Amino acid sequence: MSDPAAVLDPSGQEVRGARGCAERTTEPFECFATSDLHIEVDYQPADRYWTFQWIETGIFLALSGPPAGFCSWRLRRRTA
């Protein structure tokens with residue numbers, strides 16, 4: 001999910017303060033239910049889960065390769 005987004009009116013403009021359901025005496029869920037305000041959320045579909053897992057695994061392996069190679073080279077050089 002994306003970071004918390006701004007409250008938007010029907011035209012897509014950001015709404016702040018009491019107009020944006022932020023008044024202390026207002027119940028936010030009721031305010032959103034009775035107004036035309038909304039929050040846009042970006043998400044990735046569930047079918048991309050394993051794609052992202054493999055990409056992340058590849059990145060971690062690529063980043064861990066050089067330090068592991070350096071440590072292996074350094075240890076062999078010390079023991080010789």
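The model is predicted: local features need pLDDT of at least 70, side-chain atom pairs count only at pLDDT 80 or more, and totals for chains, interfaces and linings use all residues. Residues are numbered from 1 along each chain as its sequence is written, and side-chain values use heavy atoms, with hydrogens and water left out.

**Overall fold**
- The protein chain has two helices and two strands. Both element types are DSSP runs, numbered from the N terminus: helices are H or I with at least four residues, strands are E with at least two.
- From the N terminus, the order is β-α-β-α.
- Of the 80 residues, 10% count as buried. Buried means under 20% relative accessible area, exposed over 50%, and partly exposed in between (1.4 Å probe, protein chains only).

**Helix α2**
- The 31 residues of α2 should span 45 Å at 1.5 Å a residue, and the end C-alpha atoms are 44 Å apart, which agrees. The expected span is 1.5 Å times one less than the number of residues.
- α2 has a kink of about 30° at Gly 65, shortly before Pro 66. The bend is the angle between axes fitted to the seven residues ending at a residue and the seven starting there.
- Ile 59 sits in α2, which covers residues 49-79. Ile 59 is partly exposed, at 43% relative accessible area.
- Phe 52, Ile 55, Ile 59 and Leu 63 form a nonpolar surface patch with about 380 Å² of accessible area together. Nonpolar side chains (Val, Leu, Ile, Met, Phe, Trp, Tyr) are joined within 5 Å, like charges within 9 Å. Areas come from the Shrake-Rupley method with a 1.4 Å probe; for residues, only the protein chains shown count as cover.

**Asp 9**
- Asp 9 lies in the loop between β1 (7-8) and α1 (28-34). Asp 9 is buried, at 12% relative accessible area.
- The Asp 9 side chain makes a polar contact with the side chain of Ser 11 at 2.9 Å. A polar contact is a pair of N or O atoms within 3.5 Å; within protein, one must be able to donate a hydrogen and the other to accept it, and residues adjacent in sequence count only if both atoms are side-chain atoms.

**Ala 6**
- Ala 6 is in the segment before β1.

Methods
Patch = residues over 30% accessible without salt bridge, like charges linked within 9 Å, V, L, I, M, F, W, Y side chains within 5 Å. Salt bridge = Lys/Arg side-chain N within 4 Å of Asp/Glu carboxyl O.
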